Amino acid sequence: AAVIIVNMGVLQYYDGNRGEALRYYNRALAYVQQHGLVIQEASLYQSIATLYEALKEYDLAIEMYSGALRLSLEIRDSMTCAEANERIGLVYKAKNRNREAVRFLKDAIGWYSKLNKESEAVQAELTLAKIYIQMND
C-alpha cells in the first residue's frame, strides 16, 4: 500500500504539484510508521526532505534528513547515513551555514570511504573544497 501512495506522490512531483506530492509522501510515512517499516521510513524521510529542499524550506528539509540519519544509524544502513549526511551538509551550504555544512560533509566522506564509494566521496570532497574556498574569501 505504501508503494502505491509513494508512486502517486512521485507522479504529483513530476507534474509540478509539490504540495500534493508532499501530502502523498506524508500519508505513506504515516503508514510505514504504523507498521514499523523502518527502512521504508528512512527512505520516505529522504524523499520528503528532497521536496522541502526543492521548496527552499530548508529547516524542514534538515529535520527530515535528520530523521533519515537517525533511523539509518539505528538500523545500521551505512549508505543512507552517508547520503543523509551529505544532503544535510548541502542544505546547510544553501543556508550559508558553512561550519555546519563542513561537519556533515566530512561525516559523509567518512561513510562513503568506509563503503568504498569513491565517486560519491570525491563529489562530497569537491563540495567541501568549494565551501573552504568560500570561507576564505
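Residue R87 is located in helix α5, where helices (H or I, at least four residues) and strands (E, at least two) are DSSP runs numbered from the N terminus. The model is a predicted one, in which local features need pLDDT of at least 70, side-chain atom pairs count only at pLDDT 80 or more, and totals for chains, interfaces and linings use all residues. Residues are numbered from 1 along each chain as its sequence is written, and side-chain values use heavy atoms, with hydrogens and water left out.

With a relative accessibility of 29%, R87 is classed as partly exposed; buried denotes under 20% relative accessible area, exposed over 50%, and partly exposed the range in between (1.4 Å probe, protein chains only). When residues up to four places away in sequence are not counted, R87 touches E53 and Y65, a contact being defined by heavy atoms within 4.5 Å. R87 and F104 are separated by 17 residues in sequence and by 8.3 Å in space, C-alpha to C-alpha.

The protein as a whole contains seven helices and zero strands, and its pattern along the sequence reads α-α-α-α-α-α-α. A compact globule of 137 residues would have a radius of gyration near 14 Å, and the 15 Å of the protein agrees with this; the radius is taken over C-alpha atoms, and the globule rule is 2.2 Å times the number of residues to the power 0.38. The C-alpha trace spans about 50 × 30 × 20 Å along its principal axes. Of the 137 residues, 40% are buried. Among contacts with a separation of 6 or more, 46% involve residues 24 or more positions apart. The protein exposes about 7,800 Å², of which carbon and sulfur atoms supply 50%; these areas come from the Shrake-Rupley method with a 1.4 Å probe, and for residues only the protein chains shown count as cover.

The buried residues of α6 are N98, A101, V102, F104, L105, A108, I109 and Y112. Their cover includes α4, α5 and α7 (118–136). Just after α6, N116 adopts a positive phi of about 60°.

Aromatic pairs were identified among rings of Phe, Tyr and Trp (its six-membered ring) with centres within 6.5 Å; planes under 30 degrees apart count as stacked, over 60 as edge-to-face and the rest as tilted. Two such pairs are found. Y13 is partly exposed at 23% relative accessible area, whereas Y14 is exposed at 67%. Y92 and F104 form a stacked pair, with 5.8 Å between centres and 25° between planes. Because Y92 belongs to α5 (residues 78–94) and F104 to α6 (residues 98–114), this pair ties together parts that are twelve residues apart in sequence. Y92 is buried at 11% relative accessible area, and F104 is buried at 9%.

The charged end of K114 sits over the ring of W111, 5.1 Å from its centre; this term requires NZ of Lys or CZ of Arg within 6 Å of the ring centre and within 35 degrees of the ring normal. In helix α4 (residues 58–75) lies S72, which is buried at 0% relative accessibility. With residues up to four places away in sequence not counted, S72 touches D77, T80 and C81.
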